[in-house]
Amino acid sequence: MSKTSQRAPGCKTVSLESYRQQGTHPVNLNTCDWLDPIPIGAIKNELPPVEVLPAHLIAKPYQEWLVDVAERMQCPLDYVAVGSLITTASIIGSGCGIRPKRQDSWTVIPNLWGCIVGPPSSLKSPALKEVMRPLEQLEGKAYEVYKKEQQAYVVELEAYKATREIFKKKMIKAASSFDMPAMDHLKKELLATAEPEAPVCKRYYTNDATVEKLQELLSQNERGLLVLRDELMGLLASWEKAGREEDRNFYLEGWNGYGSKTTDRIGRGTIRTKNLCISLLGSTQPSKLLSYFQRTLGGLENDGLLQRFQLLVYPDEVKEWKLVDHRPNAQAQERAFAIINKLASMNFCDHGAILDENSGIPYFQFDEPAQQVFYE
């Protein structure tokens, strides 16, 4: 619009200099003040700068660890901060919840979804790799335990099979001699001989699993699992393919962090999942995320999936890159890893949580001052 364009009666133009002097809200809608048009050549399609994440906003036990990682990698602190929050939340999962209202049974499970956004080669993947190290260690330890339990299970299973064969021979002999008292006694002994239960490997995360396999893993890990995808848009795009519509619904249900699910399939049998709890973490590039936004944030496709990403950050790149070459802060790292290890095995009822007898999920409540803040 030029300066000589027609205007509504009573409206006036405001110069660009006046706009700058008045600050961010120069237009008075009540009097219909209009700005002096900016020349087309001066209009730029630029994103405003993003505030740098202050280190003091990070939980103190994690501060030194994450600041050290971000400095050595020369990546935004947001990358490792978001990654560490989500990995920690996934360790807790449905192990406990919080009831925000004093009397209501509404329970919030502390699993989280998040994504870090940045251009190619902005160290998104290495940043996530660094904050995943505690979970990798937990998985490694769990697998070593599983291997030992599996070896013992094989021995116990063979002993059970041998015992069954002995009972079978004795029962054939009792049947052939019509010795019913002996047969009844053998039946009771056989029923009392339980088949050994196969061990299950404790899992904390997965990188690539079908929803069928993911539900099976969740049925064996009641606190839930973290799904880590280096290129998150690839996972979301896969849900748009024909025949994969239920995958999207499965993840939407898993975001809540509670609620059982039973699936019956020929061949796979019946899988019962007590707590459908999924944490989700990944990275992507701005162009891919924007394209997905444009497709899914309007009309019938806006089912609230993207709004479930509580931690989605797109920080500016590090402006003044510098070469950093020093050893990791081992003490800070050990402190953070120790917290995650403790949470992984914690019984929250031992720390003040109240057990819900129906769901089996312990929960915390606010103290009175915090309760009033929540109500406000």
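Which residues are buried in helix 10 (residues 286-296)? I looked this up in a predicted model. Leu289, Tyr292 and Thr296 are the buried ones. They cover an arc of only 65° around the axis, so they sit on the same side of helix 10. I then turned to the face pointing away from that buried side and found the exposed residues Ser287 and Gln294 there.

Next I checked what the buried residues of helix 10 pack against. I found strand 4 (113-117), strand 9 (278-284) and strand 10 (311-313), together with helix 8 (232-238) and helix 9 (245-256).

Helix 2 came next. I compared its length with expectation: 14 residues (60-73) at 1.5 Å a residue should span 20 Å, and the end C-alpha atoms are 20 Å apart, which agrees. I listed its buried residues as Tyr62, Gln63, Trp65, Leu66, Asp68, Val69, Ala70 and Met73. The buried residues of helix 2 pack against helix 3 (77-92), helix 4 (124-131), helix 5 (133-176) and helix 11 (330-345). I also looked just past the end of helix 2, where Gln74 takes a positive phi of about 55°.

Last, the surface. I noted a nonpolar patch formed by Trp106, Val108, Phe374 and Tyr375. Together they have about 370 Å² of accessible area. I located Val108 in the loop between strand 3 (97-99) and strand 4. Is Val108 partly exposed or buried? Its relative accessibility is 31%, so I put it down as partly exposed. The cut-off for buried is under 20%.

Technical notes. Residues are numbered from 1 along each chain as its sequence is written. This is a predicted model: local features need pLDDT of at least 70, side-chain atom pairs count only at pLDDT 80 or more; totals for chains, interfaces and linings use all residues. Side-chain values use heavy atoms; hydrogens and water are left out. Buried means under 20% relative accessible area, exposed over 50%, partly exposed in between (1.4 Å probe, protein chains only). Helices (H or I, at least four residues) and strands (E, at least two) are DSSP runs, numbered from the N terminus. The arc is that of the directions from the helix axis to the C-beta atoms. Contact means heavy atoms within 4.5 Å. Patches are made of residues with over 30% relative accessible area and no salt bridge: like charges are joined within 9 Å, nonpolar side chains (Val, Leu, Ile, Met, Phe, Trp, Tyr) within 5 Å. Accessible areas come from the Shrake-Rupley method with a 1.4 Å probe; for residues, only the protein chains shown count as cover. A salt bridge is a side-chain nitrogen of Lys or Arg within 4 Å of a carboxyl oxygen of Asp or Glu. The expected span of a helix is 1.5 Å times one less than its number of residues.
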